[in-house]
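I opened my notebook today to look up charged pairs and one bit of helix packing. Here is the entry, with the structure to follow along.

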Amino acid sequence: MTRRHGYALLSAIIALIVGLATALYVGVAADDGTTTAGNSTPAKGSRPHNSAAPASTGIWVGAWAASPAGAEPGTETEGLAGRSVRNVVHVSVGGTSARITLSNLYGQSPLTITHASIAVAAGDGTAAATARTMRRLTFNGSTAVVVPAGRQVLSDAVRVAVPHDSDVLVTTYSPTPSGPVTYHPHARQISYVADGDATEDVTGTAYTEQVAYWRYLTALDVLSNESDGTVVAFGDSLTDGITSTEGANHRWPDVLSGRLRTALAAGRKVPRYSVVNEGISGNQVLASGLGRPADNQSGLLRFSRDALARTNVKVVVIDLGVNDILRNPRLADPDEILDGLRTLVRQAHARGIKVVGATLMPFQGHRGYTPAREGVRQQVNAEIRAGRLYDAVVDFDKALRDPYNPRRLRSDYDSGDHLHPSDKGYARMAEVFDLNDLSGSAPAEL
């Protein structure tokens, strides 16, 4: 072989190797399908090969979500330094891979997470994991991440079989003080805390402290063959399910998710959607709480983050307005409430997202009730029912009011405070949905 032919053969071999390496790299990147928050910084830590990379089948959808609602009292200086936080969340749809979003929205200093994991719970009401499902999470390839104050981070995807209608354990460990902990109170679900780094503890025995809210975790997505998109339930305590039975998943979005699955199993032509809950107790369309950033941000302020930015959103269901009436020291202006709701609808339509809106339920007997406030509620509902606001309407008011006194909840739908439903009332809210209203997309012009 001549020297010239030898060089040509060597060049061909090198080109082949480079081509194969490039194809392999592109294939792995396409399989992953995830992004990481641009405002997060990987902390020092190992960058192991992720042998649990996701399979390239299915669609990424939201399986669970909770809005960051405020800064947890008592965590202003130390945060949860030196402790493992094991959040328990209930997923509406199953998948073959998962990824999470962690928020430091209310932190005043960077949040350092050095260890995080995900696993399917071994059962209901337990911190124990199904051993074969325990996975270590990474962030841009690193086992540790620094989340700047006011920011959030999306993890890498990890392959794990997540069954629908199951509890999932998401655990984080932070070794250093981070200031106020971003949390969601009124979770209606028990989560757990352990001293030290017990992130990958399968037994759950280290988790001796129980807590009734979620910390840091704001979303869990799955790569799913069961769903084609996500429905976001956007509302206040009536959506948050504040009076539903703890640990029973009886909030109306939970029941709606079950209805969709049952209908699909029966062969009905309804959308294959997951449902996530973005309710915050006390939330208003127009007004936010105190602080900077404000606790309990208004619907107008948080809609883009908590609704429109969720994964593969197809429909948003809005149930807001009661707190604008009840918490306003003066008489609320129905036109201002309606204008705020119209703004949310316009934002959703600009993203091609359909909006289903709910009428406001009665509250006579509640301490905030007055005939004047009842008049505002009636004016808002009249405009909603007239079809001049939403793409479709679910009439919660008609479904849950007392037929003999439509200004109050029917007694068996009332939790007892004359504002929030009982478990039976939440079930009724989900039952009155026309599932076909969740089909289709936003109109070109409302």
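Predicted model: local features only at pLDDT ≥ 70, side-chain atom pairs only at ≥ 80, totals over all residues.

**Salt bridges, overall.** I began with the total, and the count comes to 22 salt bridges.

**Inside α4.** I looked up D306 and found that D306 forms a salt bridge with R302, with the closest N and O atoms 3.0 Å apart. Both residues sit in helix α4 (residues 299-308), four residues apart, which is about one turn of the helix. I also checked burial: D306 and R302 are both buried.

**From α7 to α8.** Next I took R385, which pairs with D397 in a salt bridge whose closest N and O atoms are 2.6 Å apart. This pair links distant parts of the chain, with R385 in helix α7 (residues 371-385) and D397 in helix α8, twelve residues apart. Is D397 buried or exposed? I noted D397 as buried because its relative accessible area is 1%, under the 20% cut-off. R385 has a relative accessible area of 36%, so I put R385 down as partly exposed.

**D412 and R410.** I found a salt bridge between D412 and R410, the closest N and O atoms lying 2.7 Å apart. D412 is partly exposed at 27% relative accessibility, and R410 is partly exposed too, at 30%. I then followed shared partners: salt bridges join E374, R377, R385, D395, D397 and R401 into one network.

**Helix α9.** Last, I asked which residues of helix α9 (residues 423-431) are buried. They are G425, Y426, A427, M429 and A430. I see these buried residues packing against α2 (237-240), α3 (252-265), β20 (313-319) and α8 (396-400).

Definitions and conventions. Residues numbered from 1 in each chain as written. Heavy atoms only, no water. Buried < 20%, exposed > 50% of the residue type's maximum accessible area, 1.4 Å probe, protein only. Helix = DSSP H or I, 4+ residues; strand = E, 2+ residues; numbered from the N terminus. Contact = heavy atoms within 4.5 Å. Salt bridge = Lys/Arg side-chain N within 4 Å of Asp/Glu carboxyl O.
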